[in-house]
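Subject: Structure handover

Hello,

Here is the structure I said I would pass on. Please open it next to this message and follow along.

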Amino acid sequence: MKFKKTLQGRTKGDMPVEALLQHLQHLSRETVNMNTSSYTASALIVEQWRFDGEFFDVQFSQPAIEFLQATDDPRGEIVAVLFNEIG
C-alpha cells in the first residue's frame with residue numbers, strides 16, 4: 001500500500017471511530033528515527049490531525065511515511081489501517 005502525506009475523509013464503517021481516534025492519538029506521539037551513514041533524523045509520524053465528528057483530516061510527516069514504507073516497523077500496520085478505514 002502506498003501511503004500519502006495527507007489522509008482525508010469519512011470512516012468506511014468497518015472499525016469504530018473510537019478505535020481510529022486511539023490510533024491517531026498514539027501515532028501523534030510517536031517518532032521514527034532514521035539513521036544512515038550520511039545523516040540522522042527524527043520525525044513525528046503524524047504532524048497534525050483533526051476529527052470534526054464526521055470527517056478526518058490527517059497530515060503525516062513525509063520522512064516518517066517514507067521510513068514506514070521502506071521498513072517492517074509495526075507502526076506501518078497502524079498507518080495502513082487508517083488508510084483502509086478512512087477515505
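In which helix is His 23 found? His 23 sits in helix α1. Please keep in mind that this is a predicted model.

His 23 and its surroundings

Setting aside neighbours within four places in sequence, the contacts of His 23 are Met 15, Ile 78, Val 81 and Leu 82. Two of the residues on that list, Ile 78 and Leu 82, are among the buried residues of α3. Ala 41 is 18 residues from His 23 in sequence, and the two C-alpha atoms are 23 Å apart in space.

Met 15 lies in the loop between β1 and α1. Its relative accessibility is 23%, so Met 15 is classed as partly exposed. Not counting residues up to four places away in sequence, Met 15 touches Leu 20, His 23, Val 81 and Glu 85. Met 15 and Asn 84 are 69 residues apart along the chain, with 9.8 Å between their C-alpha atoms.

Ala 19 is another residue of helix α1. With 21% relative accessibility, Ala 19 counts as partly exposed. Between the C-alpha atoms of Ala 19 and Asp 57 there are 16 Å, and along the chain these two are 38 residues apart.

The chain as a whole

The chain contains 3 helices and 5 strands. Read from the N terminus, the order is β-α-β-β-β-β-α-α. For 87 residues, a compact globule would have a radius of gyration near 12 Å, and the 13 Å of this chain agrees with that. The C-alpha trace spans about 45 × 20 × 20 Å along its principal axes.

Of the 87 residues, 32% are buried. Among the contacts with a separation of 6 or more, 62% are between residues 24 or more positions apart. The accessible surface is about 5200 Å², and carbon and sulfur atoms account for 47% of that area. There are 8 positive and 12 negative side chains, and the centres of these two sets are 5 Å apart.

Which residues of α3 are buried? They are Arg 75, Gly 76, Ile 78, Val 79, Leu 82, Phe 83 and Glu 85. In an α-helix there are 3.6 residues a turn, so residues three or four places apart point the same way. The cover over the buried residues of α3 includes β1 (6-9), α1 (17-27), β2 (31-35), β5 and α2 (62-70). Just after α3, Gly 87 has a positive phi of about 160 degrees.

The whole structure holds 3 aromatic pairs. One of them is Phe 60 with Phe 83, a stacked pair with 5.5 Å centre to centre and 25 degrees between the planes. This pair links distant parts of the chain, since Phe 60 belongs to strand β5 (residues 56-60) and Phe 83 to helix α3 (residues 75-85), 23 residues apart. Phe 60 and Phe 83 are both buried. Ring pairs also bring in Phe 3, giving a cluster of Phe 3, Phe 60 and Phe 83.

Regards

Conventions
Residues are numbered from 1 along each chain as its sequence is written. This is a predicted model: local features need pLDDT of at least 70, side-chain atom pairs count only at pLDDT 80 or more; totals for chains, interfaces and linings use all residues. Side-chain values use heavy atoms; hydrogens and water are left out. Helices (H or I, at least four residues) and strands (E, at least two) are DSSP runs, numbered from the N terminus. The radius of gyration is taken over C-alpha atoms; the globule rule is 2.2 Å times the number of residues to the power 0.38. Buried means under 20% relative accessible area, exposed over 50%, partly exposed in between (1.4 Å probe, protein chains only). Contact means heavy atoms within 4.5 Å. Accessible areas come from the Shrake-Rupley method with a 1.4 Å probe; for residues, only the protein chains shown count as cover. Lys and Arg count as positive and Asp and Glu as negative; His and the chain ends are not counted. The place of a charge is taken as NZ of Lys, CZ of Arg, CG of Asp or CD of Glu. Rings of Phe, Tyr and Trp (its six-membered ring) pair if their centres lie within 6.5 Å; planes under 30 degrees apart count as stacked, over 60 as edge-to-face and the rest as tilted.
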